[in-house]
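Me: I have a model open and would like to go through it with you. Could we take it topic by topic?

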Amino acid sequence: MTQAAPLISLRHVSKRFANGTLALNDLSLDIAQGEFVSLLGPSGCGKSTALRIIAGLANASGGKLEWPSASGATPVAEHGAEISFVFQEPTLMPWATVFGNVHLPLKLKGVSRTAARDDVMAALDMVGLAGFADSYPRELSGGMKMRVSIARALVTKPRLLLMDEPFAALDEITRFKLNNDLLHLWSTFGWTVIFVTHSVFESVYLSNRIVVMAARPGRVVEDMTVDAPYPREEEFRTSSLYNDYCRKASEALHRAMEASEGS
Ligand SMILES: Nc1ncnc2c1ncn2[C@@H]1O[C@H](COP(=O)(O)OP(=O)(O)OP(=O)(O)O)[C@@H](O)[C@H]1O
């Protein structure tokens, strides 16, 4: 059986900042189309740096980032169009309505409000906010603002969704709800997701693969599969399978923390 080429391939990627910090050292990682991968690790292990390099927001100092599944048909620089990024802060424009905020990425591509209407409304519908198109960010709860931020990421119909601790600032109930909604969208649309988190519990609930990283320098120390079927719903959170994986991921994170201290 031949295996499909990965969507993204990082080969021996390193990143050294101008102040000398080696944020990533020899990071090699293949991400397959449709995977939901969490990057889990202690603060400073280079999770955000890795995500920013994949997004094209930062350059690697060494190594290569490739898109093997494109088989050379699309120049690497053009993959930016297929990637969306969701940050920890929703970073909405306070003076614009929800519609205006979600329209932004299309507006930047020259798509008018009228031409974008259907796509913007479809993205708002996906996150359950179609009824709030004319509201302003100040009128929304933290969870709703994050939904707007997710709709803004989805409006360009990305193949790859990069999420940097998107739910870290939310209360637990809202976070659980958004975890469920994200999984539902992922299974419906089949994107590839790379999700940065500090939370063992969140990484196990969401992903089918957890890449555990250690710091100083940032590197991969474990790569574990979460072999639990989808759809995963609330019952999964209390299952023994979930608990087993949480224990394994937690042990891996402890090893990563010890490796970070010792380096
Ligand atoms: N612009 C920068 N200049 C210098 N050093 C930086 C810069 N950005 C990040 N670093 C350093 O690179 C290392 C990796 O940072 P990064 O933010 O990628 O880690 P992280 O795992 O995402 O951390 P956290 O979980 O705290 O967000 C850290 O030591 C950080 O201090």
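Me: Is threonine 174 buried or exposed, or something in between?
Reply: Threonine 174 is partly exposed, as 17 other C-beta atoms lie within 10 Å. A residue counts as buried with 20 or more other C-beta atoms within 10 Å of its own, as exposed with 12 or fewer, and as partly exposed in between, the C-beta atoms being placed from the backbone. Please note that this is a predicted model, in which local features need pLDDT of at least 70, side-chain atom pairs count only at pLDDT 80 or more, and totals for chains, interfaces and linings use all residues. Residues are numbered from 1 along each chain as its sequence is written.

Me: Where is threonine 174 found?
Reply: Threonine 174 is in helix α5, residues 172-189. Helices (H or I, at least four residues) and strands (E, at least two) are DSSP runs, numbered from the N terminus.

Me: And which residues does threonine 174 touch?
Reply: Leaving aside residues up to four places away in sequence, threonine 174 touches Gly142 and Gly143. Contact here requires that the C-beta atoms of two residues, placed from the backbone, lie within 7 Å.

Me: Next topic, the ligand. How many residues surround the ligand, and which are the closest?
Reply: The ligand is surrounded by 13 residues, and Phe17, Ala23, Ser43, Ser48 and Thr49 are the closest. A residue belongs to this shell if its C-beta atom, placed from the backbone, lies within 6 Å of the molecule.

Me: What is the make-up of that shell?
Reply: The shell divides into three nonpolar, nine polar and one charged residue. In this scheme Ala, Val, Leu, Ile, Met, Phe, Trp, Tyr, Cys and Pro count as nonpolar, Asp, Glu, Lys and Arg as charged, and the others, Gly among them, as polar.

Me: Which element gives the largest share of the shell?
Reply: Helix α1, residues 47-55, contributes the largest share, three residues.

Me: Why is α1 described as largely enclosed?
Reply: Seven of the nine residues of α1 are buried, so the rest of the structure largely encloses this helix. The buried residues of α1 are Lys47, Ser48, Thr49, Ala50, Leu51, Ile53 and Ile54. Just after α1, glycine 56 adopts a positive phi of about 80 degrees.

Me: What about the largest nonpolar core?
Reply: The largest nonpolar core has 69 residues, and Val102, Ala151 and Leu162 have the most contacts inside it. Such a core is a set of buried Ala, Val, Leu, Ile, Met, Phe, Trp, Tyr and Cys residues joined through C-beta atoms within 7 Å. Leucine 162 touches Leu51, Ile54, Ala55, Ile83, Phe85 and Ile194, not counting residues up to four places away in sequence.

Me: How do α2 and α4 cross?
Reply: The axes of α2 (residues 98-108) and α4 (residues 142-154) come within 7 Å and cross at roughly 35 degrees. Axes are lines fitted to C-alpha atoms, for helices over the stretch in contact, and angles run from 0 to 180 degrees between N-to-C directions.

Me: Which residues meet there?
Reply: From α2, Val98, Asn101, Val102, Leu104 and Pro105 meet Val148, Ala151 and Arg152 of α4. The residues of this contact divide into six nonpolar, one polar and one charged.

Me: What is the phi of arginine 216?
Reply: Arginine 216 has a positive phi of about 50 degrees although it is not a glycine. Most residues other than glycine have a negative phi, and most peptide bonds are trans. Lysine 157 also has a positive phi, near 55 degrees, and is found in the loop between α4 and β6 (160-164).

Me: Last one: is tryptophan 67 buried or exposed?
Reply: Tryptophan 67 is buried, with 21 other C-beta atoms within 10 Å. Its place is in the loop between β4 (62-66) and β5 (83-86).
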